[in-house]
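Q: I would like a close look at a single part of this model. Please treat it in one connected account.

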Amino acid sequence: MSILGGIGGSMAADKLSKGYKAAGDQVAKIYGESNLNQVYNPGGAAAFTQQQNLLGLGDNAAGQEGFQNFLNSTGYQAALKGGGDAITSSMAASLGNKSGAADKARLRFGTGLANSYFDNYFNKLSGQADKGFNADKAVTGSIADARFKQYVGKGEAKSAGMNSLFGGIGGGVADFLTTGNPMDAIFGSTGGG
């Protein structure tokens with residue numbers, strides 16, 4: 001290999017390195033401009049914050065207000081009233097409407113219903129929080145993957161370029177020492193002497 005061949009290989013590797021950089025920049029731009037994280041992230045963050053509030057790790061009043069809004073919009077009051085009325089009707093004939101057993105049954109029903117609605121609400125928040133988390137993960141993962149490939153590719157291209165350049169220099173020196181012709185060092189061995 002000649003010195004010129006080594007320089008040419010090094011130049012090609014440099015172009016390849018720039019191509020890797022451009023590809024990585026383009027992926028970062030595409031994901032940065034996508035609205036994937038802008039659509040899901042705010043809702044996911046709000047849902048996660050609401051979960052923290054409900055668990056007493058944030059604004060407890062906001063957590064209770066959010067849960068109450070959920071209850072008001074899902075028919076909870078109607079279900080609670082309907083269940084309580086059913087218990088009252090079934091127990092009125094046998095034990096009387098105001099008995100302790102009827103009160104216990106209504107309390108048990110109301111507690112179970114509230115727990116069921118709370119679990120449903122918390123699970124809906126979890127689903128929304130997961131969407132935000134997964135959107136962030138997809139965006140950052142794609143960018144990180146592209147950047148990783150960009151830097152590895154650039155490193156491989158630079159390494160190949162340096163190998164080509166030094167191989168060309170070494171080959172040129174060997175050609176010159178073998179033939180004594182300086183032109184062989186630059187352009188490669190012509191086979192003459």
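Q: Is Asp85 buried, partly exposed or exposed, and what is its relative accessible area?

A: Asp85 is partly exposed, its relative accessible area being 39%. On this scale, buried means under 20% relative accessible area, exposed means over 50%, and partly exposed lies in between, with a 1.4 Å probe and protein chains only. The model is predicted, and local features therefore need pLDDT of at least 70, side-chain atom pairs count only at pLDDT 80 or more, and totals for chains, interfaces and linings use all residues. Residues are numbered from 1 along each chain as its sequence is written, and side-chain values use heavy atoms, with hydrogens and water left out.

Asp85 and Lys81 both belong to helix α4, 4 residues apart, about one turn of the helix. Helices here are DSSP runs (H or I, at least four residues), numbered from the N terminus. An α-helix has 3.6 residues a turn, so residues three or four places apart point the same way. Lys81 and Asp85 form a salt bridge, with 2.9 Å between the closest N and O atoms; the term denotes a side-chain nitrogen of Lys or Arg within 4 Å of a carboxyl oxygen of Asp or Glu. Lys81 counts as exposed, at 55% relative accessibility.

Helix α4 itself comprises 17 residues, 76–92, and reaches 24 Å from its first C-alpha to its last, close to the 24 Å expected at 1.5 Å a residue. That expected span is 1.5 Å times one less than the number of residues. Within α4, the buried residues are Tyr76, Gly83, Gly84, Ile87, Thr88 and Met91. They lie on the same side of α4 because they cover an arc of only 135° around the axis, the arc being that of the directions from the helix axis to the C-beta atoms. Ala78, Lys81, Ser89 and Ser90 are exposed on the other side of α4.

Tyr76 also has a place in the largest nonpolar core, which has 12 residues in all, including Phe67, Leu113 and Tyr117. Such a core is a set of buried Ala, Val, Leu, Ile, Met, Phe, Trp, Tyr and Cys residues joined through side-chain atoms within 4.5 Å. Helices α2 (36–54), α3 (60–73) and α5 each supply at least two residues of this core, and α5 gives the most, with 6 residues. Apart from its neighbours within four places in sequence, Leu113 is in contact (heavy atoms within 4.5 Å) with Tyr76, Ala79 and Leu80.
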